[in-house]
Amino acid sequence: MNHVIELTDNIFIFIVAISVFFLLLITAAMVYFVVRYRAKRNPNPSNITGNTTLEILWTVIPLILVLMMFFYGWEGFKEMRNVPADAMVVKVTARMWYWSFEYENKMKSDTLLVLPANRNVKFELNSVDVNHSFYLPAYRMKEDVIPGRINYMWINTALEGVYDIMCAEYCGMNHSFMLGKLRVVSEKEFLEWVSKVDTVKKVDSLKTDSTQIKLGSVNTGTIKTDTTKQSGNKKDTVKNRKDTLIRRD
Ligand code: CUA
């Protein structure tokens with residue numbers, strides 16, 4: 001299991017569990033007080049002054065809880081920001097409205113990101129137009145992509161398979177169609193992918209599962225690199241997202 005995924009899920013469950021516990025506790029107390037001290041039974045309200053023990057308790061217990069949340073959150077954050085030295089680098093470029101990837105050997109790919117399994121991968125994130133956010137839900141990682149600035153993020157590709165790439169920052173009309181696919185494959189398949197000349201055929205040769213985009217229908221001319229043209233027709237862009245997973249040379 002990928003360590004970052006584990007840390008992220010643990011802190012998430014920890015915070016949700018505490019929230020649910022207090023939601024139930026406070027709701028129950030509220031209902032109890034409403035019934036127990038209703039006006040009919042207590043026509044003359046009594047005046048209650050402070051209770052030092054209670055006040056200390058409801059200050060100290062939440063303080064300890066939020067410090068624990070901070071501590072576990074910080075542990076995960078440190079891990080996420082600390083890129084292993086052996087990480088391979090992939091440059092990620094965001095534009096309205098698709099992702100582009102460039103590998104260390106200058107190989108480029110639009111929309112489809114192929115990575116070898118069980119490797120540390122660093123993404124260098126840059127945008128050519130507006131703010132986007134590079135989001136890999138399966139790996140619990142998300143980072144803003146800001147024009148004029150290189151952000152970074154890294155993952156350990158522990159999970160083989162096909163996963164969604166999303167844009168998590170509203171970036172204009174087709175933000176919600178700014179999808180991509182991350183495919184984590186064996187080292188051998190990855191090397192074939194990243195070094196090949198004959199793009200489309202090799203893409204076909206990668207094992208795919210039935211849920212994902214059909215690579216057989218790839219048409220290298222479908223993605224428009226001109227963003228002004230692309231912004232024109234929503235329908236076209238949706239179609240492009242569906243039937244193109246191509247690399248651009
Ligand atoms: Cu790019 Cu939203």
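## Terms and basis of the model

A residue is called buried when its relative accessible area is under 20%, exposed when that area is over 50%, and partly exposed in between (1.4 Å probe, protein chains only). By this definition Lys 106 is exposed, with a relative accessible area of 56%.

This is a predicted model, in which local features need pLDDT of at least 70 and side-chain atom pairs count only at pLDDT 80 or more, whereas totals for chains, interfaces and linings use all residues. Residues are numbered from 1 along each chain as its sequence is written, and side-chain values use heavy atoms, with hydrogens and water left out.

## Confidence

The predictor's confidence in each residue is given as pLDDT, from 0 to 100. Its mean for the protein is 82, and 78% of the residues reach 70 or more. Residues 197-249 have a pLDDT below 50; in the model this stretch has 95 contacts beyond near neighbours in sequence, a contact meaning heavy atoms within 4.5 Å. Where pLDDT is low, the predicted coordinates should not be read in detail.

## Overall composition

The protein contains 6 helices and 10 strands. These elements are DSSP runs numbered from the N terminus: helices (H or I) have at least four residues and strands (E) at least two. Of the 249 residues, 35% count as buried.

Among contacts between residues at least 6 apart in sequence, 65% join residues at least 24 apart. The accessible surface comes to about 14,800 Å², and 61% of this surface belongs to carbon and sulfur atoms. Accessible areas come from the Shrake-Rupley method with a 1.4 Å probe; for residues, only the protein chains shown count as cover.

Helix H1 has 34 residues and reaches 49 Å from its first C-alpha to its last, close to the 50 Å expected at 1.5 Å a residue. The expected span of a helix is 1.5 Å times one less than its number of residues. The buried residues of H1 are Val 4, Ile 5, Ile 11 and Ile 18. They pack against helix H2 (52-81), strand E7 (141-145) and strand E8 (151-156).

Helix H2 has 30 residues and reaches 43 Å between its first and last C-alpha, close to an expected 44 Å. Leu 65, Gly 76 and Met 80 are its buried residues, and what covers them includes H1, E7 and E8.

## A nonpolar surface patch

Phe 21, Leu 25, Ile 26, Met 30, Val 31, Val 34 and Val 35 make a nonpolar surface patch of about 680 Å². Patches are made of residues with over 30% relative accessible area and no salt bridge; like charges are joined within 9 Å, and nonpolar side chains (Val, Leu, Ile, Met, Phe, Trp, Tyr) within 5 Å. Val 34 lies in helix H1 (residues 3-36) and is exposed, with a relative accessible area of 58%.

## Salt bridges

The whole structure holds 8 salt bridges, each defined as a side-chain nitrogen of Lys or Arg within 4 Å of a carboxyl oxygen of Asp or Glu. In one of them, Glu 143 pairs with Arg 81, and the closest N and O atoms are 3.2 Å apart. This pair links distant parts of the chain, with Glu 143 in strand E7 and Arg 81 in helix H2, 62 residues apart. Arg 81 is partly exposed, at 22% relative accessibility.

Another salt bridge joins Lys 188 to Glu 192, with closest N and O atoms 3.7 Å apart. Because Lys 188 and Glu 192 are 4 residues apart in helix H3 (residues 187-195), they are separated by about one helical turn. Lys 188 is exposed at 61% relative accessibility, while Glu 192 is partly exposed at 29%. A further bridge joins Lys 122 to Glu 124, with closest N and O atoms 3.9 Å apart.

## Loops and backbone details

Ala 87 lies in the loop between H2 and strand E1 (88-95) and counts as buried at 14% relative accessibility. Leaving aside neighbours within four places in sequence, Ala 87 is in contact with Asn 120, Val 121 and Lys 122. The peptide bond from Met 96 to Trp 97 is cis, with omega near 0°; Trp 97 is in the loop between E1 and strand E2 (98-102).

Lys 106, in the loop between E2 and strand E3 (108-110), has phi near 75°, a positive value in a residue other than glycine. Asn 118, in the loop between strand E4 (112-116) and strand E5 (120-127), also has positive phi, near 55°. Asn 118 is exposed, with a relative accessible area of 57%.
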